[in-house]
Amino acid sequence: MQASDYINWWEANKETGLEDVKATFIALFSKEEFLPSIYHPILYKYLKNHQMKHWDEEIFSFSKDKIREIEDKVGKEVMSSTLLSNFHLLLYAYQSILDLEERIMMMNRFKGNEELKANIFSINIYNDLLNTAFSNTLKLFIEFQSVTEGSNLFQKNLTAQIECLASSKRGYKKITDLADSNVRNAISHGGVKVIGTKMVFSYRKGAQHLQQESTVYDFKDSILQLYDGVTAIILAWFGYLCEENVSYNEVYGNDSVHEDTSLFFERLSISTLLTTCDKIFQLEVNNKEEKREHVNVEFTGIDLDIDSRVFLGLCTAERIFHLRKLSTKDTIMVSFHSSKVTSSFFTIDCSVISDLTKGTIDMGGAWQHVVDSKNVLMFPINDEDRNEFEDSFRYYPDIETDDYHLTEVEDISLEDKKRFKAVAYLKRATRSRHVREAVEEIISRIKVLENHGFSSHKVKNGRMQADIIYLVLYKKEVRRGKD
């Protein structure tokens, strides 16, 4: 199977959702009759992700019209070169909304009161949304305005970026109005106070000190409105890329693009609808025994059985071998992370990949080389009925007495052993007898704790006493390890 074909085959035969992606976005992107496959994973997220799927249609249409308006002014060639050289701004905005989506989901699942939720989550989310994703979309538009107006309009901070684009002659007010300037100023200068469900934003206008009130519920709505607007802007740019069929061919080996852009398209080229390549990094191994290049590839996504991980991993290794022009003495490690599988990996020699490419060996033979090398750790899917969100938020509270402070209690059980580890700070122990007495009491309290297991793998869990306890003792609690 050709390296460029396995993704298309996998998405069509092993995953669901590709037809929905095509039906939705071919109709949405008016000039397009097909979608470049490299964008399938991004568009799938816009269709299925809990937050991204709510992108603002009005902002999308406005952004799409502005993009075509820019193209009419600068021409296709300048449009393409400017977009590719500044694509990292779009990339940073896209990566930010993915990160912020996870934080919004955590905020929604947090069971504390609304005041606490606002202080822990919503204020920081709004601030980061403004200064990362929103700011980078504005920077991208400013780059194009600089080209159309023939002058450098670069603005470093968010307020200046908004003022630059909000002018009537540039016509971006629909986008810049997504951010409430008073709230933004208050957050930037630490002027936010949450009292119950009421929020007070204190800010300055000239010499005036002003206040604006809201509720935590209205503030959350403003976060989602801004989020939906930013995701729509980003989607409009990806829509343009799809319509103009800009793909890895225009990026690979292009010296004018930012390094992060090249890495992004490389990761995208080996991602599927449901399994995303999060990281690719290359390092040099140079010691007395050997000198070689080693590439790490990391995937996250749905839970794949071992055979599926083997297939995707070997195909990925073959693709990276050719893309990075590695030699037969180099190595590649592919790892997989998902909620119901313990992190798995394998390392393969590029000499084996070379033989696979030449047809000297097949996939089964290549995998046998990996198994024989013993550089592999593959775990099965945990088929237990679990709630991964409960597992993620579960913790053991600290225990403090006059004699000790017990903290960092963690369940590290195995399938056949119930185990805990913890850290204890002894407050009054001056003799070995005092230490023994404190430790005996600590162990008696830890060993009876109930553990609940994990989403990723099966362990011995329940109300039975622990089999093993790992305890680290400190004489006193200090801020830094060197003390």
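**Aromatic contacts and a helix pair**

Okay, let's start with Tyr39: at a relative accessible area of 1%, Tyr39 is buried (buried means under 20% relative accessible area, exposed over 50%, partly exposed in between, with a 1.4 Å probe and protein chains only). Before I go on, this is a predicted model, where local features need pLDDT of at least 70, side-chain atom pairs count only at pLDDT 80 or more, and totals for chains, interfaces and linings use all residues. Residues are numbered from 1 along each chain as its sequence is written, and side-chain values use heavy atoms, with hydrogens and water left out.

So what does Tyr39 pair with? The ring centres of Tyr39 and Phe265 are 6.4 Å apart with the planes at 80°, so this pair is edge-to-face. For rings of Phe, Tyr and Trp (its six-membered ring), a pair needs centres within 6.5 Å; planes under 30 degrees apart are stacked, over 60 edge-to-face, and the rest tilted. Tyr39 is in the loop between helix H2 (18–28) and helix H3 (40–48), Phe265 is in helix H13 (residues 259–269), and the two are 226 residues apart, so to speak linking distant parts of the chain. Helices here are DSSP runs (H or I, at least four residues; strands are E, at least two), numbered from the N terminus. Phe265 is buried too, at 0% relative accessibility.

Both belong to one aromatic cluster, made up of Tyr39, Phe87, Tyr94, Phe238, Phe264 and Phe265. The structure as a whole holds 25 aromatic pairs.

Now the helices. Helix H7 (residues 114–149) packs against helix H11 (residues 216–243) at about 30°, and the axes are 10 Å apart. Axes are lines fitted to C-alpha atoms, for helices over the stretch in contact, and angles run from 0 to 180 degrees between N-to-C directions. H7 and H11 are therefore roughly parallel (under 35 degrees; over 145 is roughly antiparallel, 65 to 115 roughly perpendicular, the rest oblique). By class, their contact has 21 nonpolar, three polar and one charged residues; Ala, Val, Leu, Ile, Met, Phe, Trp, Tyr, Cys and Pro count as nonpolar, Asp, Glu, Lys and Arg as charged, and the others, Gly among them, as polar.

Staying on H11, that's where Leu241 is. Leu241 is buried, at 1% relative accessible area, and its C-alpha atom is 10.0 Å from that of Leu84, 157 residues away along the chain.

Last stop, Tyr6, in helix H1 (residues 6–13). Tyr6 is buried at 1% relative accessible area.
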